[in-house]
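Subject: Structure handover

Hello,

Here is the structure for your files. My notes on what was found in it follow below.

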Amino acid sequence: MVQSLRLNHSHDELHKLINPDSSTTVNQNLRRYIRKTLAIVGKDVTTEIRTKEMVSAMFVFSLLIIFIFNFTFDLRAANVQTLAPGVLWVAITFAGMLGLSRSFVLEHDKGVLEGLLLAPVDRSAIYFGKMIGNIIFISVVAIVVLPVYMIVFNQPFTHFPWLGGIVVLGVIGLSGVGTLFSAMAVHTRAREVLLPIMLFPVIIPLILAAVRLTAAVLDGLLFADVSHWLTLLVAFDVIFIAMSYMLFEYVVEE
Amino acid sequence: MIELRNISKAFGSRIVLRKVNLTINEGDFVTLMGPNGVGKTTLLHLIATLSKPTAGTILINGYDLADSASQLRRFIGVVSHKTLLYDDLTAMQNLSFYAQMYDVVDSSIRIESLLKQVGLWGRQNDLVRTYSRGMQQRLSIARALLHNPPILILDEPDTGLDQHATQQLGDLLTEMGGDSAGSSENSNKRTTMMTTHNLDWGVSMGNRAVVLAKGQVAYDSQGGEISMTQVREYY
């Protein structure tokens, strides 16, 4: 590609570059799309490993929430089961908010979002790259915090795989819609305030389903009793990621 | 060839560009000048596909930018006063990342060659945040030329550079900005558009000067010698 870009191509050559034959390039385009998406994820992960700005802040914040709730509610055996699911999701959503609010800040402040938009990369690849990065960061924090939560709230570790699964499903939805809103908020002066105001009302169904599922796992309920909440959680993830995929281009472009 | 036909751009009720008509031939180095707020950056953003005109058409070799923006992006390289680089990645990581974005083949060879040309080979594994402003701008040029674009857009690339660094930048642009084909048999002059407030430097860099005033082309030296008197008069 690097040696082939000239404006003095013959008309046919240039036409091929601009309108490649669709039958031969579908697989190539898909591979390029995935490669670019993963490059964005890799770039975000490398930056985060180096700076630890987002993950460390989210980790400390979520721990603080769990301990503060533990102290303030004086969680005795009788009310632990009632309050524990809500505390977990308050910790995850508030810590996630902290991470999401930083998601596009670096890109925006240093102008590198412009660099990405100048490249021949589908805007949805930028969205998926940023979203997958956010899922990784928030999930890592949540999975690390989960054992601490189970100790503090006196929950058996046999619940860990189920809770881990629910957490990941919840984080996918949170990141899916949060990445879109983060891209919207980053252009405003009051971005730190605007993001939670936009995001929290939208993720109410997600939090509701996640809290109910968490409660069901802690209470040892049968799957059949709560399958509708799982359906809601999965449906939220699918619908909002699809919507964000379609809207992202209009958010990042003028 | 880049053709701007009756390009207008408004932000709300504020009209920045008014029916601008401009034809830039292949190989031209156009220095775009004018006071702050006259629409220079807006014009470059339109060509770079970062924004869309309110009215009018931009054609690149006959292709309408409105219809083929995503394909035409690979023909354009941009250097702005912002470096568009990630501070917390090394020069090598930055260029590798952008090489993937532009589908550059044999990227490691290309990156090494560019880093040598901009004099940063040897510091390729240092974080960009440890570079001076001049070094960052040189790396930014390497980033913009990574995919060897036939069109290069430079939006105030000399911002924040001292006289020596500006001179270095000019030398680098002359050395690297000329040929987009990479081999003598395909020799092809790169088309460059640059904005700057440094009139003397800008005029010395280009073979054509355009001055914008009140959102319109007030002076264009196309086909003739650049008249510094007229440039200063309309600036």
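Which residues of α3(B) and α4(B) meet? The model is a predicted one, and in it Ala91(B), Met92(B), Leu95(B), Ser96(B) and Ala99(B) of α3(B) meet Ser107(B), Ile111(B) and Leu115(B) of α4(B). Sorted by class, this contact has six nonpolar residues, two polar and no charged ones. Helix α3 of chain B covers residues 91-101, helix α4 of chain B covers residues 107-117, and the two pack at an angle of about 130 degrees with their axes 10 Å apart. The pair α3(B) and α4(B) is therefore oblique. Their crossing is right-handed.

Chain A has a helix pair to set beside this. Helix α10 (residues 204-219) and helix α11 (residues 223-252) of chain A pack with their axes 9 Å apart, at an angle of about 145 degrees. The crossing of α10(A) and α11(A) is left-handed. On the α10(A) side the contact involves Pro205(A), Leu206(A), Leu208(A), Ala209(A), Arg212(A), Leu213(A) and Ala216(A). These meet Val226(A), Trp229(A), Leu230(A), Leu232(A), Leu233(A), Phe236(A) and Asp237(A) of α11(A). By class, the contact of α10(A) with α11(A) has 12 nonpolar residues, no polar ones and two charged ones.

Back in chain B, there is an open sheet of four strands with antiparallel pairing, in the order β2-β1-β4-β5. Strands β2 (14-24) and β5 (63-64) of chain B are at the edges with a single partner strand each, so one side of each has no neighbour in the sheet. Seven bridges join β1 (residues 2-11) of chain B to β2(B) in the antiparallel sense. Ala10(B) has Ile15(B) in β2(B) as its bridge partner. Helix α1 (residues 40-47) of chain B packs on this sheet and touches β1, β2 and β4 (55-60) of chain B. The direction of α1(B) makes about 120 degrees with that of β1(B).

On confidence, chain B has an average pLDDT of 88, and 95% of its residues score at least 70. Within chain B, confidence is highest in α3(B), at a mean of 96, and lowest in helix α8 (residues 228-234), at 78. Over residues 182-187 of chain B, pLDDT stays under 50. For that stretch of chain B the model has seven contacts beyond four places in sequence. Where pLDDT is low, the predicted coordinates should not be read in detail.

Regards

Terms used:
Residues are numbered from 1 along each chain as its sequence is written. Chains are lettered from A and ligands numbered from 1 in the order in which they are written. This is a predicted model: local features need pLDDT of at least 70, side-chain atom pairs count only at pLDDT 80 or more; totals for chains, interfaces and linings use all residues. Side-chain values use heavy atoms; hydrogens and water are left out. Two strands pair if DSSP finds at least two bridges between them. Contact means heavy atoms within 4.5 Å. Axes are lines fitted to C-alpha atoms, for helices over the stretch in contact, and angles run from 0 to 180 degrees between N-to-C directions. Angles under 35 degrees count as roughly parallel, over 145 as roughly antiparallel, 65 to 115 as roughly perpendicular and the rest as oblique. A crossing is left-handed if the near helix is turned anticlockwise from the far one by less than a right angle, and right-handed if clockwise. Ala, Val, Leu, Ile, Met, Phe, Trp, Tyr, Cys and Pro count as nonpolar, Asp, Glu, Lys and Arg as charged, and the others, Gly among them, as polar. pLDDT is the predictor's confidence in each residue, from 0 to 100.
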